[in-house]
Amino acid sequence: MAPLNNDSGLRRGQRSIRGGRRRVRQALYMAAVASLRTQSPLNAFYHRLRQAGKPPKPALVALARKLLVTINAIMKTRTSFAT
């Protein structure tokens, strides 16, 4: 879920998400979209990014990445997710 650059010499292109496993990226993105329909800390995180001026798509990708980091931490510590 990390943005990869599209730079060459002095040209600076737009970053895009294209590395890693496609199905995992798709699942995380859809989970991020679904989390916007709930009253959760993830929803609050997204709205905080939007209020700070981040466009909708990059805010969703940031939310998906936060979800991935949270899932990895849960798996590592073997604890439950408490909201």
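The protein has three helices and two strands, where helices (H or I, at least four residues) and strands (E, at least two) are DSSP runs numbered from the N terminus. The model is predicted, so to speak of its local features pLDDT of at least 70 is needed, and side-chain atom pairs count only at pLDDT 80 or more, while totals for chains, interfaces and linings use all residues. Residues are numbered from 1 along each chain as its sequence is written, and side-chain values use heavy atoms, with hydrogens and water left out.

Along the sequence the order of elements is β-β-α-α-α. The C-alpha atoms fill a box of roughly 45 × 30 × 20 Å, taken along the principal axes. Of the 83 residues, 20% count as buried, meaning under 20% relative accessible area (1.4 Å probe, protein chains only).

The largest nonpolar core has 12 residues, among them Met1, Leu28, Phe45 and Leu63. Such a core is a set of buried Ala, Val, Leu, Ile, Met, Phe, Trp, Tyr and Cys residues joined through side-chain atoms within 4.5 Å. At least two of the core residues come from each of α1 (22-35), α2 (41-51) and α3 (56-77), and α3 gives the largest share, five residues.

Leucine 63 touches Ala32, Ser35, Leu36, Leu42, Phe45 and Tyr46, leaving aside residues up to four places away in sequence; contact means heavy atoms within 4.5 Å.

In the meeting of α2 with α3, residues including Leu42, Phe45 and Arg50 in α2 face residues including Pro56, Leu63 and Lys66 in α3.

How values were computed: Buried means under 20% relative accessible area, exposed over 50%, partly exposed in between (1.4 Å probe, protein chains only).
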